[in-house]
Amino acid sequence: MKKIYLIVFLLIGMPIFAHPFFDEDCDACGCSTSGGSLGFSSLLNKNFVGIRYFYQQYTSKDGLYNDSPWIKENFNTVQLWTKFSVSDKFQISAIVPFQFHNNEKTLGAQSISGLGDVSVVGFYTLLNKVSENAVWAQNLEIGTGVKAPTGKYNSMMNGTVNPSFQVGTGSWDVLLHAEYTLIRESLGWNSSVSYNIKTENKDQYQFGNQFNYNSVLFYNTKIDEVVLVPQLGVSGEVFQTNKQFDEDLKDTKGDALFGKIGFEIGFKKFGFGLNGMLPISQNLTGGKVKSDYRFSLHLNYKL
């Protein structure tokens, strides 16, 4: 039981305190949309299958000099995602992303698209408890899985200011995840942390390991047959240094912290969600890349 409370404490503390301790430079996460930055679960349904869209806009320098022009970069990801129970304690989550990225470089527009890196994560329920009077409930899950190199990696993109302008990383990665939910009557709190251990691809390029954290407050209300769950919280990510030929690459590590607001609506077996994210603080590629905003939406079907 002490171990469970320790994990809960870390899930509470990390989203609040992690960001100041990792104030570095960073690469954007366009090609690494494995679920860590968005989460693997829905607050409406435990078992579901659905489609999710994630958009990220960046402003990047088109060149390495101080007077280089700034350009817009658009990262679009469409995910087929699911989470389902195989027993009372075990669940499986899978994400199949499709990437559609483009930028507006001074020498001409550039676009890439295709299947991204598929992720599969297994979850184990450490804690699932409801009070005797059913006033509050809590749930704690831990998970581990892999991200497969199903997306195309183009080594010719390595010289760009934003190294994540890729469809895939070209590497097998290990995913670690933990998620805690506490509900008291209609008010709830959900917090999660994930860590992506990245390996070297066949071109001897290795993206830096990635830490993500999310923490949101939500309110569950029901109007006739419609369930409405508004949400407000923070989301952040921390990247370690990218490497090539086992050498550290300058200005490829760092962090970003976002404010997050959104909602989920449930009607019968269907669930719809919308979330918007604006940067609170960021330090990306030594200031050469800036995250403008992000948003996501999803439509799920309860299994």
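Start by selecting Tyr301: at a relative accessible area of 35%, Tyr301 counts as partly exposed (buried is under 20%, exposed over 50%, partly exposed in between, with a 1.4 Å probe and protein chains only). The model is predicted, so local features need pLDDT of at least 70 and side-chain atom pairs count only at pLDDT 80 or more, while totals for chains, interfaces and linings use all residues. Residues are numbered from 1 along each chain as its sequence is written, and side-chain values use heavy atoms, leaving out hydrogens and water.

**The ring beside Tyr301**

Rings of Phe, Tyr and Trp (its six-membered ring) pair if their centres lie within 6.5 Å; planes under 30 degrees apart are stacked, over 60 edge-to-face, and the rest tilted. Phe270 belongs to strand β16 and Tyr301 to strand β17, so the pair ties together parts 31 residues apart in sequence. Strands are DSSP runs (E, at least two residues), numbered from the N terminus.

Now show residues 270-283 as β16 beside β17; the two pair in the antiparallel sense over eight bridges. Pairing requires that DSSP finds at least two bridges between two strands. Five residues separate β16 and β17 in a hairpin, and Thr285 in the turn has a positive phi of about 45°.

Next select residues 48-61, strand β1, which pairs with β17 (residues 289-302) in the antiparallel sense over 13 bridges. Here Thr59 stands opposite Lys290. Lys290 also lies over the face of Trp70, at 4.8 Å from the ring centre. A charge sits over a ring if NZ of Lys or CZ of Arg is within 6 Å of the ring centre and within 35 degrees of the ring normal.

**Side chains of β1**

Where does Gln56 sit? Gln56 is found in strand β1, and is buried at a relative accessible area of 0%. The Gln56 side chain makes polar contacts with the side chains of Tyr58 (2.8 Å) and Arg294 (3.4 Å). Such a contact is a pair of N or O atoms within 3.5 Å; within protein, one must be able to donate a hydrogen and the other to accept it, and residues adjacent in sequence count only if both atoms are side-chain atoms.

Select Tyr53, Tyr55, Tyr293 and Phe295 together: ring pairs link them into a cluster. The structure holds 14 aromatic pairs. Among them is the edge-to-face pair of Phe48 and Trp81, 4.7 Å centre to centre with 65° between the planes. Phe48 lies in β1 and Trp81 in strand β2 (residues 70-85), so the pair ties together parts 33 residues apart in sequence. Both Phe48 and Trp81 are buried. Arg52 lies over the face of Trp81, at 3.8 Å from the ring centre.

**A separate sheet**

Move to the open sheet of three strands, ordered β9-β13-β14 with antiparallel pairing. Its edge strands, β9 (205-206) and β14 (247-248), each pair on one side only. Two bridges join β9 to β13 (residues 243-244). Finish the tour at Tyr205, whose bridge partner in β13 is Gln244.

Note on methods
Helices (H or I, at least four residues) and strands (E, at least two) are DSSP runs, numbered from the N terminus.
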